[in-house]
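Subject: Structure for you to look at

Hello,

Please find the structure below. My notes on what was found in it follow.

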Amino acid sequence: MVLRVLLISVLSSACVSGQVSYSIPEEMAKGSVVGNIARDLGLDVNRLRTGKARVYTGGSAEYIALNKEKGVLVVREEIDRELLCGEATPCALHFQIILENPMELFRVTVEIVDINDNSPNFSNGEKRFEISESAVVGSKFVLEKAIDLDIGANGLQGYSLRPTDNFVLKLENQPDGSKKVEMVLKKNLDREQNEHISLLLTAVDGGEPQMSGTMQIHVTVLDVNDNAPVFTNPLYKVNIIENSPRGTRVMTVSATDRDKGSNGDVSYLISNSKHRLTELFQIDRRSGEVILIGEIDYEKAKHYQIDIEAVDNGGLSDSSKVIVDVIDVNDNIPYPNIVSQLELISEDSPPNTVIAMLSVNDPDSGNNGEVECSIIDKIPFKIDSTVNGFYSLVTDLALDREVASQFNISVACYDKGVPSLSSNITLTLQISDVNDNAPVFEQRLYDAFIVENNIQGLSIFTVKAIDADWNQNARVSYILEDSSVNGVPISSYVSVSADSGVIHAVRSFDYEQIKDFQFLVKAQDGGSPPLSSNVTVKIMIQDQNDNPPQVLYPVQTGGPLVAEMVPRSADVGYLVTKVVAVDVDSGQNAWLSYKLQKATDRALFEVGLQNGEIRTIRQVTDKDAVKQRLTVVVEDNGQPSRSATVNVNVAVADSFPEVLSEFTDFTHDKEYNDNLTFYLVLALAVVSFLFITCLVVIISVKIYRWRQSRILYHPSLPVIPYYPPRYSDTLGSGTLQHVYNYEVCRTTDSRKSDCKFGRAASQNVLMMDPSSTGTMQRIQIEKNILDEPDSPLEVRLIFL
């Protein structure tokens with residue numbers, strides 16, 4: 001096998017890097033090595049693998065394959081040169097080797113060398129002539145040419161004719177390089193001596209070993225036809241448009257014979273020098289009209305040579321040649337192919353980045369085959385022409401995935417024929433994202449509300465930020481920025497869900513302690529490096545009706561019993577006292593109303609709904625009980641409302657002795673709970689304990705008294721003043737500014753006593769121990785109650 005390698009650098013294109021040529025004989029076995037393409041191109045075998053090297057034939061059959069592991073070209077399919085190229089020389093395969101990352105293109109030419117695998121062949125195994133015995137010496141008889149599909153030295157080289165007694169062989173060169181084969185009469189024929197002559201025509205080629213083909217020639221000797229037909233032109237030329245319909249008249253040939261009668265009748269026929277010619281053309285045997293019977297395609301053959309033979313009835317003949325030139329028409333549309341293509345490109349790719357390589361094939365000629373390509377839509381891409389019908393599709397402007405994440409690039413290719421033909425091809429390109437957009441919150445400032453006394457972990461509301469990027473670059477995380485509220489870290493108040501942006505309350509809020517606060521939330525994407533933005537969030541605490549009203553006056557304590565004094569002479573609307581209450585809530589939750597829930601005599605008193613003033617609603621009479629108890633409910637306006645209850649004790653009397661006699665058992669009045677179950681359970685719980693403790697208490701009391709008596713009469717101890725058990729020393733408390741001690745002397749039958757007291761700073765208040773008959777404490781405002789016993793004073797009684 002003879003191989004020849006040619007490497008030519010191509011500098012006119014950035015995509016086509018080089019060219020290499022090989023020469024191989026036809027019919028090589030599959031897998032045979034054509035050449036070491038890696039070595040001849042100066043490439044490393046690893047480059048072939050990583051660059052995804054492949055053979056690109058542009059749509060034609062692929063006879064040569066690439067072995068990327070060894071870097072060699074091998075025969076993929078057995079190649080028949082005659083089937084592939086016919087008589088065309090040289091016969092070569094043209095294809096490209098395509099590499100990616102970066103893109104490179106190498107042109108490869110493989111010439112197919114002919115071998116002597118076809119012998120010369122005659123289409124007919126025999127030929128018959130009828131020759132008149134009057135044929136003159138030198139008469140010529142055209143013989144059929146042999147066909148040898150091989151070319152060059154392996155093609156047809158010569159003929160031989162045996163025997164040569166009457167005829168010799170004459171070969172004449174033709175304009176197309178072929179030989180005209182004629183049998184020439186060298187000696188007159190004598191039908192009486194030899195009526196039938198048999199000859200053998202042998203055609204041989206120049207191959208090794210030499211091959212040959214034969215045709216048997218039978219000559220029948222006739223009488224008297226001594227003139228052969230003669231064509232009017234030895235060579236005819238005609239043009240025909242490709243794709244002409246069948247039945248189209250190509251031309252008419254003409255030959256004349258000077259003989260008369262049947263010897264002068266001429267018949268025309270096409271010599272079978274090219275077997276496909278009889279499939280495309282036929283000739284009328286009588287008129288010599290050449291007619292198209294097949295399809296003419298300029299891209300398959302640009303011209304045809306037809307051998308025409310004129311034969312008379314005597315067997316004499318002449319030959320002529322018709323050259324048919326095919327005129328091209330624009331019948332092929334440009335056909336673009338994607339040689340290599342990127343499916344994904346980063347949005348920050350610079351302009352002039354190659355994203356695809358195209359090849360365009362238009363087999364027409366001239367302007368009909370001259371192609372231009374352009375991009376149909378207005379998109380940031382352009383197309384550059386390279387060489388040999390290859391185009392590069394490159395970026396023209398900067399890309400932005402947020403504007404367009406995908407492009408459908410339509411490329412139109414059109415030729416310059418009239419009318420112009422065109423075709424389109426569409427490429428899809430995805431734009432990959434880079435982190436070039438920071439998260440953006442939906443609002444510039446967030447205001448949120450939460451009701452106080454919330455549960456810990458309660459979801460308050462959600463902040464939302466949107467990142468125009470994609471995938472990880474658009475994955476937003478939310479971060480609570482460090483800050484403090486009243487010196488306390490903001491993380492002690494709220495937390496932010498990193499994934500969802502949900503803000504949760506870390507603690508339970510109290511409106512009475514804090515009414516609002518604000519903080520910053522940062523939204524950060526997952527890009528590298530990450531981008532972020534901040535937003536201010538303001539949380540406002542809403543009040544809840546969680547505080548009941550608090551009664552400031554009258555003071556409810558476990559100390560002495562307090563009573564408001566109303567004289568029996570009080571008129572309608574007399575102000576007994578005023579219930580004062582506050583609610584630390586706000587708004588309607590702090591709006592208070594007062595209602596009289598219970599009263600000893602509901603017909604005697606009323607409570608102001610808004611001001612809490614207790615007034616008489618009728619004239620006080622002598623029949624009214626001295627001891628009156630009122631229960632006032634203070635209720636706020638919240639939903640649901642909360643309330644507080646205050647008991648107001650009122651003494652209806654004109655003098656203190658009267659009050660004292662009636663209120664001696666005042667402290668023994670008890671409000672028994674309607675729910676007796678509680679007391680029963682409590683009693684059962686302590687019954688078992690009482691018996692045990694009873695003895696311990698009695699013994700302890702006895703021992704205590706004994707020790708006290710010993711201490712009081714011990715001569716070495718200091719004297720300690722003794723106060724009667726019923727003596728009381730009280731300090732100022734509640735709303736009263738001063739407290740005074742009084743000693744009251746009472747008789748058993750009189751309500752007036754001799755009292756000693758000082759001045760007080762508020763209304764008259766009487767404090768009494770109902771179990772005592774000897775001591776009373778009293779507080780008075782700047783008046784002596786004994787000096788004006790009958791004056792209508794508002795008196796408040798406190799019983800010990």
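Second largest cavity

His94, Phe95, Gln96, Arg107, Val108 and Thr109 line the second largest cavity. A cavity is a set of points, on a 1 Å grid over the protein atoms alone, where a 1.4 Å probe fits but cannot get out; lining residues have an atom within 4 Å of a point. Strand S7 (92–99) and strand S8 (104–113) are the elements that give two or more residues to this lining; strands are DSSP runs of E of at least two residues, and helices are runs of H or I of at least four. The model is predicted: local features need pLDDT of at least 70, side-chain atom pairs count only at pLDDT 80 or more, and totals for chains, interfaces and linings use all residues. Residues are numbered from 1 along each chain as its sequence is written, and side-chain values use heavy atoms, without hydrogens and water.

The second largest cavity has a volume of about 40 Å³, a volume being the space filled by probe spheres set on the points. In the whole structure, the search finds two cavities of 30 Å³ or more.

Aromatic pairs

The count is 13 aromatic pairs, meaning rings of Phe, Tyr and Trp (its six-membered ring) with centres within 6.5 Å. One of them, Phe141 with Phe167, is edge-to-face (planes over 60 degrees apart), at 5.9 Å centre to centre and 75 degrees between the planes. Phe141 is in strand S10 (residues 140–142) and Phe167 in strand S12 (residues 167–173), so the pair links distant parts of the chain, 26 residues apart.

Regards

Terms used:
On a 1 Å grid over the protein atoms alone, a cavity is a set of points where a 1.4 Å probe fits but cannot get out, and a pocket is an open set with protein on both sides within 12 Å along at least five of seven lines; lining residues have an atom within 4 Å of a point. Rings of Phe, Tyr and Trp (its six-membered ring) pair if their centres lie within 6.5 Å; planes under 30 degrees apart count as stacked, over 60 as edge-to-face and the rest as tilted.
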